[in-house]
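Let's take a first look at this protein together. Have the sequence and the 3D view ready, and we'll go through them piece by piece.

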Amino acid sequence: MAASSRSQAISLYKMLLRESRKFPSYNYRTYALRRVRDAFRENRTVQDPQLVHSLLEEGHQNLQLIQRQVTVGQLYKAQKLIVE
């Protein structure tokens, strides 16, 4: 992986984690955090530049999806769970 791709991946990872922590619901928050970590852990050995580019694009699409879902979740808040 090129240095610029590596820094883009790290930046995307941090943004995804930051946005995932904003979910108001505990269940959605833990699910999103787990999925982000697992996806990056699964693809950390990818070396093909085209595949890295497509994975980064998919990650940016997922970031936009998480941002939309966080906004919707904040509009319709539910009661807190006991674990929160």
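What follows is a short tour, from the overall fold down to single side chains.

## Before we start

This is a predicted model, so to speak of local features a pLDDT of at least 70 is needed, side-chain atom pairs count only at pLDDT 80 or more, and totals for chains, interfaces and linings use all residues. Residues are numbered from 1 along each chain as its sequence is written, and side-chain values use heavy atoms, with hydrogens and water left out.

## The overall picture

The protein has 3 helices and 0 strands, and reading along the sequence gives you the pattern α-α-α. Helices here are DSSP runs of H or I with at least four residues, strands are runs of E with at least two, and both are numbered from the N terminus. Helix α1 covers residues 3-20, helix α2 takes in residues 26-42, and α3 spans 49-75.

Of the 84 residues, 24% count as buried. Buried means under 20% relative accessible area, exposed means over 50%, and partly exposed is in between, using a 1.4 Å probe and protein chains only.

## What the record says

UniProt, in an unreviewed entry, lists residues 8-64 as "domain: Complex 1 LYR protein". Its positions are given in the numbering used here, feature names are shortened, and annotations may be inferred rather than shown by experiment.

## Around Phe23

The side chain of Arg29 reaches the backbone oxygen of Phe23 at 2.6 Å. That is a polar contact: a pair of N or O atoms within 3.5 Å where, within protein, one must be able to donate a hydrogen and the other to accept it, and residues adjacent in sequence count only if both atoms are side-chain atoms. Arg29 belongs to helix α2 and counts as buried because its relative accessibility is 19%.

The whole structure holds 2 aromatic pairs. Phe23 and Tyr28 form a tilted one, with 6.2 Å centre to centre and 35° between the planes. For pairing, rings of Phe, Tyr and Trp (its six-membered ring) need centres within 6.5 Å; planes under 30 degrees apart count as stacked, over 60 as edge-to-face and the rest as tilted. Tyr28 counts as exposed because its relative accessibility is 55%.

## Two salt bridges

Side chains of opposite charge can pair when their charged atoms come close. How many salt bridges does the structure hold? There are 2, where a salt bridge is a side-chain nitrogen of Lys or Arg within 4 Å of a carboxyl oxygen of Asp or Glu.

Glu19 and Lys22 meet in one of them, at 3.0 Å from N to O. Glu19 is buried, at 13% relative accessibility, while Lys22 is partly exposed, at 41%. Asp38 and Arg41 also meet in a salt bridge, at 3.5 Å from N to O. These two are about one helical turn apart, because Asp38 and Arg41 are 3 residues apart in helix α2. Asp38 is partly exposed at 35%, and Arg41 is partly exposed at 48%.

## Towards the end of the chain

Val72, Leu75 and Tyr76 make a nonpolar surface patch of about 370 Å². Patches use residues with over 30% relative accessible area and no salt bridge, joining like charges within 9 Å and nonpolar side chains (Val, Leu, Ile, Met, Phe, Trp, Tyr) within 5 Å. The areas come from the Shrake-Rupley method with a 1.4 Å probe; for residues, only the protein chains shown count as cover. Tyr76 lies in the segment after α3 and is exposed, at 66% relative accessibility.

Ile82 is also in the segment after α3. Is Ile82 buried or exposed? Its relative accessible area is 90%, so Ile82 is exposed. Ile82 and Gln47 are 35 residues apart along the chain, and their C-alpha atoms are separated by 43 Å.
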